[in-house]
Amino acid sequence: MFKLALMPNPYDSLFGNNPPQAFGSDLPPVPEPDAHLENQPETLDEILKKTALFQQKAQAFSTLLSQTRAVDHEVPNELLAMFIDFGENHAQGSLAGEKACHELLTKKFRRIIEPMRELAALHLDTVQQFNNDIDDSYFSVEKEDGEVKSEKADVVDSIHLQRKILADAAGDLEILEKALEACERRMKKYVDAGGVNNLSTSELSLLVSNRERLTDGSEHQFNYTFFDINLLDKAAISLGVYLKETTAQYLQKLMHTFENRSQ
């Protein structure tokens, strides 16, 4: 006997029954747009935020450099001192005075190198991202070409300013390092001098050893001398030159400033 196939009830879906499959329902679902990715800032905007952060931190740092007055401790060039008598420059007149001077110079050195290292790490992060992600073909989906070009120029100017600030700090640290060395030379005359001004060889040796770990960057694993700008660098910065090839070499060397100096 023939049985007629029942037609599906179009109202079944209203009462929770399984409705017939619609055309194309066996196809994979279309992925929803990733809102997280859509909300991510553009690379150039990220770099501009980093340059703004550096400038904010550098404000207090530059004030610190002014207040530290490293230039007050500058010692004459040793070569010139062989021909010109500068007198007992910065001599304290006693062992206690020289020890106090050495301690003051050490404190000033630490006050500069610690925040300088933090700024240098931010500088490295900025240069690395700019060099890796921004080139002539970079474009923005939200900004006009003219605005992108202007913002790229702002980043370059900021990077040059960062180098100037770090170079200023490196110059102050160099002055303090030479002042510490000069202080230690003056202290030599108190070795086995007897009386209240007596200094043992071992005490002076330990003092020099601890100072060397500080001033050569081992204590902070940071080679601050890298930021001492030479004449060619000064010319390039003053002209606003930013060459990819040169900067790639600069970046490579910059990364080494944070290596363990004692190894």
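Me: Is glutamate 219 buried, partly exposed or exposed?
Reply: In this predicted model, local features need pLDDT of at least 70 and side-chain atom pairs count only at pLDDT 80 or more, while totals for chains, interfaces and linings use all residues. Residues are numbered from 1 along each chain as its sequence is written, and side-chain values use heavy atoms, with hydrogens and water left out. Buried means under 20% relative accessible area, exposed means over 50%, and partly exposed lies in between (1.4 Å probe, protein chains only). At 30% relative accessibility, glutamate 219 is therefore partly exposed.

Me: Which residue does glutamate 219 meet in a salt bridge?
Reply: A salt bridge requires a side-chain nitrogen of Lys or Arg within 4 Å of a carboxyl oxygen of Asp or Glu. The N to O distance here is 2.8 Å, and the partner of glutamate 219 is arginine 110.

Me: How many residues apart in sequence are the parts that glutamate 219 and arginine 110 tie together?
Reply: The side chains of glutamate 219 and arginine 110 meet in a salt bridge. Glutamate 219 lies in the loop between α6 and α7 (231-239), whereas arginine 110 belongs to helix α4, so the pair ties together parts whose separation in sequence is 109 residues.

Me: Which residues of α6 are buried?
Reply: Helix α6 spans residues 201-215. What covers its buried residues includes α4 (95-133) and α5 (145-187). The buried residues are Leu204, Arg211, Leu214 and Thr215.

Me: Within what arc do the buried residues of α6 fall, seen down its axis?
Reply: Leu204, Arg211, Leu214 and Thr215 are the buried residues in question. The arc is that of the directions from the helix axis to the C-beta atoms. The buried residues line one face of α6, because they fall within an arc of 85°.

Me: Which exposed residues does the face of α6 turned away from its buried side carry?
Reply: Among the residues on the buried side of α6 is Leu204. The face turned away from that side carries the exposed residues Leu206 and Asn210.

Me: Which helices do glutamate 118 and lysine 57 link?
Reply: The side chains of glutamate 118 and lysine 57 meet in a salt bridge, at 3.0 Å from N to O. The pair links distant parts of the chain, 61 residues apart: lysine 57 is in helix α2 (residues 43-68) and glutamate 118 in helix α4.

Me: How many salt bridges are counted?
Reply: One of the pairs is arginine 69 with aspartate 72, at 2.8 Å from N to O. A network of salt bridges also links Asp45, Lys143 and Glu151. The count of salt bridges comes to eleven.

Me: Which residues does leucine 251 touch, not counting residues up to four places away in sequence?
Reply: Leucine 251 sits in helix α8 (residues 244-255). With a relative accessible area of 8%, leucine 251 is buried. Contact means heavy atoms within 4.5 Å. By that criterion leucine 251 touches Leu124, Val127, Gln128 and Asn131.

Notes: Helices (H or I, at least four residues) and strands (E, at least two) are DSSP runs, numbered from the N terminus. The expected span of a helix is 1.5 Å times one less than its number of residues.
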